[in-house]
Amino acid sequence: MTLAARALIWIKVKPAVSDQPWPQKGNLWVMIALNDRQAGSQDGAEREAVEVMRRAHIAELALCDRLEEIADSLPNGLDRRKCILAARALGPTMAKIHRFEEQRIFPYFCQRLGHSVESGKTIERLRNEHLEDEGYAAELRDALRFAARQGEADSPETLGFMLRGYFGAVRRHVAFERDHVMALLAPAG
């Protein structure tokens with residue numbers, strides 16, 4: 001079975017938000033994209049992937065909201081638990097969503113645009129943003145863990161700047177994907 005035939009992603013994080021892009025199973029969250037045989041057709045698999053991605057966008061934006069709450073609480077109201085939960089979600093959640101996107105959503109997007117030069121440039125841009133976001137998320141994860149261990153941020157201004165820079169970039173990325181990629185794959189109406 002090829003990687004594109006079935007995407008199973010396990011995430012060992014129990015986010016605060018209940019409408020995750022994957023069904024709940026205890027403390028594990030599973031994102032399942034049905035393969036073509038299970039969905040019944042290419043269109044069914046595409047619709048399923050688009051729906052999973054919509055829920056993933058909701059999860060990403062919920063994480064951004066939690067990061068914004070942490071940034072707003074600085075310098076005096078740092079909640080250690082929120083920092084730990086956000087740090088845990090930053091790594092696997094974002095990386096797994098990005099892999100799902102790259103393996104399932106981007107091929108449909110390119111196919112819809114006839115594998116044009118423009119679609120290739122768009123996909124290249126989004127993949128580069130994924131890499132940047134994941135690298136920045138790793139730094140932010142370390143900073144949040146440090147702040148949680150210490151009970152306060154070493155430099156509240158720096159942590160606030162890091163948080164705002166990250167969630168601002170992710171929100172712009174999600175907005176672009178919704179406006180351009182998802183709108184093409186699942187037009188409203």
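Me: Before we start, what do buried, exposed and partly exposed mean here?
Reply: Buried means under 20% relative accessible area, exposed over 50%, and partly exposed in between, with a 1.4 Å probe and protein chains only. This is a predicted model, where local features need pLDDT of at least 70, side-chain atom pairs count only at pLDDT 80 or more, and totals for chains, interfaces and linings use all residues. Residues are numbered from 1 along each chain as its sequence is written, and side-chain values use heavy atoms, with hydrogens and water left out.

Me: Thanks! How many aromatic pairs does a search of the whole structure find?
Reply: One. Tyr136 and Tyr166 have ring centres 6.1 Å apart and planes at 35°, so the pair is tilted (Phe, Tyr and six-membered Trp rings pair with centres within 6.5 Å; planes under 30 degrees apart are stacked, over 60 edge-to-face, the rest tilted).

Me: Where do the two tyrosines of that pair sit?
Reply: Tyr136 is in helix H4 and Tyr166 in helix H5, 30 residues apart (helices are DSSP runs of H or I, at least four residues, numbered from the N terminus).

Me: And is Tyr136 buried or partly exposed?
Reply: Partly exposed, because its relative accessibility is 25%. Tyr166, at 1%, counts as buried.

Me: New topic: is His57 buried or exposed?
Reply: Buried, since its relative accessibility is 1%. His57 lies in helix H2 (residues 42-73).

Me: What is His57 in contact with, leaving aside neighbours within four places in sequence?
Reply: Val174, Glu177, Arg178 and Met182, where contact means heavy atoms within 4.5 Å.
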